[in-house]
Amino acid sequence: MEPSRHILLFGAGKSATGLIDFLTRQPGLFVTVVDAREETALAKTKGAPGTRAVGLDVLAEAEKRLALVREAGVVISLMPPTLHQLIASDCLSIGRHLLTASYIDDAMRVLEPEVRAKGLLFLCEMGLDPGIDHMSAMSLLDGIRGEVLSFRSHCGGLVAPSSDDNPWHYKISWNPRNVVLAGKAGARFREAGVDRQVAYEALFDPGRRVAIPGLGELAWYPNRDSLPYASLYGLEHVPTFIRTTLRHPDFCKGWNKVIGLRLTDETPAYDTDGLSLAEFFRIHCPGAAPDEQMEYLGWNDATEINRGRCSAADVLQFALETKLTLKEHDRDMVVMLHEIEYREQGGVKTIASSLVVEGTDATHTAMAKTVGLPLGIAAMLLLEGRLKLRGLHIPTLPDIYTPVLERLEREGIAFT
C-alpha cells in the first residue's frame, strides 16, 4: 500500500455512497473507509477489491486514527464538522492533504499558515453546496467581461417528481439534523444595494419564487450569511448578492407552522420512553389544530418515540426520519441555478445556468453523488500530481474548478 495510491475516508454515512462508488472505479487505487461501526463501512465498500472497512471511535482511538492517516496519501473527512479538527491535526503532524465538504470555520482557518508552510493542501467546501456551487459560479463569472449587477445562486436537495407523494413535497436525502436546524441563525444577504438581515421566524417565506427550467417554480430562502462569499467571488460591490436554498412552496408553508409551534426548540424537556408522537404533540402544542402536513408527521400517530430525554427538535427529527424517509426505490433530486445580471457593451444582459440531477434509488442518491464526486475527483487530481495548489482553500480558483468541472461533466453532472 503506497501512500501515493491510497485514499483514507472518514465517514460512511448517507453522503459517502457516491464518493466510494467513484473511488472503487479508479484503477490501482486502495481505499480505506472508516466509520464508528465496521459493518457500516463494509456495507458501502461491499468488500470490493482494493478496499478496506475499519471500525474506529475517532475520538477515543487516537493512535489507531493516526496510524491510518500515516498510511494514506490523501485524507477525506465526511465526519461532523466538530471532528474535522482531530483529523486535521493528524494530517498536519504527518504531512497529508485533507479534503472536506464542510464550511471553513475559525478552528480550520487558524491552521492556514502551518498548512502552507508544510506544503499541504487543505481543501474545504468541496461537496455540492458548498462546492459545486462555488465552482460553477466562478466558471461563469470568470467568463464575464462586464460589470456584474446581480448574483443569485440557488441550490436544493429535493424529492424527484416521480417520488413526490406526500403533502410536504420533500424526503430526506442528507443529514436529518441539518434539516431540523436549517436557518435557525437567520440569514444575511445584499439586495438592491442594501444589506438585509432576516430572522428565523421570517425566513421561510413561500412567496419567494424562482422558475427552474423543466420543473416550474420553487420557493427559496436565503442561506446563513451570503456576504462573506461576495468578496471571495470578487463581487463585494455588487448591489445584489444572495445564496439560497430551494424547497417546494408547500414545504416552506409547513415549516412556518413548525416554527410557530416551537418544534425546533433544542431544550431537553420530554421523557420520550413510552411516549407516542400523538401524546407529544398534544403536550407540546396544547390547543393547536393539525392540518394535512402535521397529520402526516404523526399528530395522531400512536408510534412510540423511545429516545430517552429529548427536546422538541429531537422529536421533530424522529418524526421526519419516520415519515419523510426515502423508500427503497424512491429517487431524490438536486437542483442548482445561478442567475447573473451584468452590464456589458450593448446594454444589460443576463445569464442563467441550471443543473438537475436525479438519484437512482434511496442509496444511490443525487445528493450522495453530487457531494461525493467533487471530493473524489479532487483527491485523484492530488494523487496524480495534477493539483499543485497548496494552503487552505475553497474551490474558487481555476486550478481547482476547471479540471473538476470537466470530470463532473463526464460523470453526468453538467450545467445548462
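## Basis of the description

Buried means under 20% relative accessible area, exposed means over 50%, and partly exposed lies in between (1.4 Å probe, protein chains only). This is a predicted model, in which local features need pLDDT of at least 70 and side-chain atom pairs count only at pLDDT 80 or more, while totals for chains, interfaces and linings use all residues. Residues are numbered from 1 along each chain as its sequence is written, and side-chain values use heavy atoms, with hydrogens and water left out.

## Salt bridges

A salt bridge is a side-chain nitrogen of Lys or Arg within 4 Å of a carboxyl oxygen of Asp or Glu; the count by this rule is 28. In one of them, Arg52 and Glu71 meet at 2.6 Å, N to O. This pair links distant parts of the chain, 19 residues apart, with Arg52 in strand E3 (residues 51-55) and Glu71 in helix H3 (residues 62-71). Helices (H or I, at least four residues) and strands (E, at least two) are DSSP runs numbered from the N terminus. Arg52 counts as partly exposed because its relative accessibility is 24%.

Arg386 and Glu384 also form a salt bridge, at 3.2 Å from N to O. Arg386 is exposed because its relative accessible area is 54%, whereas Glu384, at 40%, counts as partly exposed.

## Nonpolar cores

A nonpolar core is a set of buried Ala, Val, Leu, Ile, Met, Phe, Trp, Tyr and Cys residues joined through side-chain atoms within 4.5 Å. The largest has 89 residues, and Phe10 and Phe122 have the most contacts inside it. Helix H14 (residues 366-383) contributes the most to this core, with 12 residues.
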